[in-house]
Amino acid sequence: MGVLVLILAMFQAAPKGNVETGRTLFMKDGCYECHGREAQGAVTGPRLNQNPITYTRFISYIRKPSGEMPPYTAKVVSDQQAADILAFLQSLPKPPAVDSIPLLKQ
């Protein structure tokens with residue numbers, strides 16, 4: 001039964017996220033404190049806008065993270081709020097390729 005539930009959860013349609021609401025939640029919930037205001041990464045948290053991630057994987061990670069990140073249970077961040085935060089992260093421009101930065105070509 002558990003495997004069936006897991007398989008069904010993988011195919012669950014993601015709620016449509018709102019970028020502006022996600023930006024607000026990213027700040028309100030303190031995500032920026034570790035990941036930077038534009039999710040560019042900081043001393044304590046990695047860059048969040050460089051690799052695409054699915055909603056299912058995002059939810060799974062924020063609910064039961066590895067490392068030092070605190071868990072964001074559904075009581076703290078609802079599934080809709082998580083979709084909004086993910087929409088914000090996906091709206092951010094990707095970082096430039098390393099070989100496109102002149103200072104790094106020396």
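User: What share of the chain is buried?

Analyst: This is a predicted model, and a residue counts as buried when its relative accessible area is under 20%. Among the 106 residues in the chain, the share that is buried comes to 26%.

User: How many helices and strands does the chain have, and in what order do the elements run?

Analyst: The chain has zero strands and five helices. Read from the N terminus on, the order of the elements is therefore α-α-α-α-α.

User: How much of the accessible surface belongs to carbon and sulfur atoms?

Analyst: The accessible surface of the chain comes to about 7,500 Å². Of that surface, the part that belongs to carbon and sulfur atoms is 63%.

User: Which residues of H2 are buried, and do they line one face or lie on both sides of the helix?

Analyst: Helix H2 covers residues 19-28, and its buried residues are Gly 22, Leu 25 and Phe 26. Seen down the axis of H2, these residues fall within an arc of 105 degrees, whereas Glu 20, Thr 24 and Lys 28 on the other side are exposed. An α-helix has 3.6 residues a turn, so residues three or four places apart point the same way. The buried residues Gly 22, Leu 25 and Phe 26 therefore line one face of the helix.

User: What do the buried residues of H2 pack against?

Analyst: Contact here means heavy atoms within 4.5 Å. By that criterion, the elements that the buried residues of H2 pack against are H3 and H5.

User: Which aromatic pair is there, and is it stacked, tilted or edge-to-face?

Analyst: The count comes to one aromatic pair, in which the rings of Phe 26 and Phe 88 have their centres 5.2 Å apart and their planes at 55 degrees. Planes under 30 degrees apart would count as stacked and those over 60 as edge-to-face, so the pair of Phe 26 and Phe 88 is tilted.

User: How many residues apart in sequence are the parts that this pair ties together?

Analyst: Both Phe 26 and Phe 88 are buried. Phe 26 lies in helix H2 and Phe 88 in helix H5, so the parts that the pair ties together are separated in sequence by 62 residues.

User: Where do the buried residues of H4 lie around its axis, and which helix is included in what covers them?

Analyst: In helix H4 (residues 55-63), the buried residues are Tyr 55, Phe 58, Ile 59, Ile 62 and Arg 63. They cover an arc of only 120 degrees around the axis, which puts them on the same side of H4. What covers these buried residues includes helix H5 (79-91).

User: Which residues are closest to the centre of the largest pocket?

Analyst: The largest pocket has a volume of about 750 Å³, and H3, H4 and H5 each supply at least two residues of its lining. Of the 31 residues that line this pocket, the closest to its centre are His 35, Pro 46, Leu 48, Tyr 61 and Met 69.

User: Is Ala 39 buried or exposed, and what is its phi?

Analyst: Ala 39 lies in the loop between H3 and H4, and its relative accessible area of 0% means that the residue is buried. Most residues other than glycine have a negative phi. Although Ala 39 is not a glycine, its phi is positive, at about 60 degrees.

User: Which residues does Pro 70 touch, not counting those up to four places away in sequence?

Analyst: Pro 70 lies in the loop between H4 and H5 and counts as partly exposed, at 45% relative accessibility. Not counting residues up to four places away in sequence, the residues that Pro 70 touches are Ile 62 and Pro 65.

Note on methods. Residues numbered from 1 in each chain as written. Predicted model: local features only at pLDDT ≥ 70, side-chain atom pairs only at ≥ 80, totals over all residues. Heavy atoms only, no water. Buried < 20%, exposed > 50% of the residue type's maximum accessible area, 1.4 Å probe, protein only. Helix = DSSP H or I, 4+ residues; strand = E, 2+ residues; numbered from the N terminus. Arc of directions from axis to C-beta. Areas by Shrake-Rupley, 256 points an atom, 1.4 Å probe, with all protein chains shown as cover. Phe/Tyr/Trp six-rings, centres within 6.5 Å; stacked < 30°, edge-to-face > 60°. 1 Å grid on protein atoms, 1.4 Å probe; cavity = no way out; pocket = protein on both sides within 12 Å on 5 of 7 lines; lining within 4 Å. Points joined across faces, edges and corners; volume = space filled by probe spheres on them.
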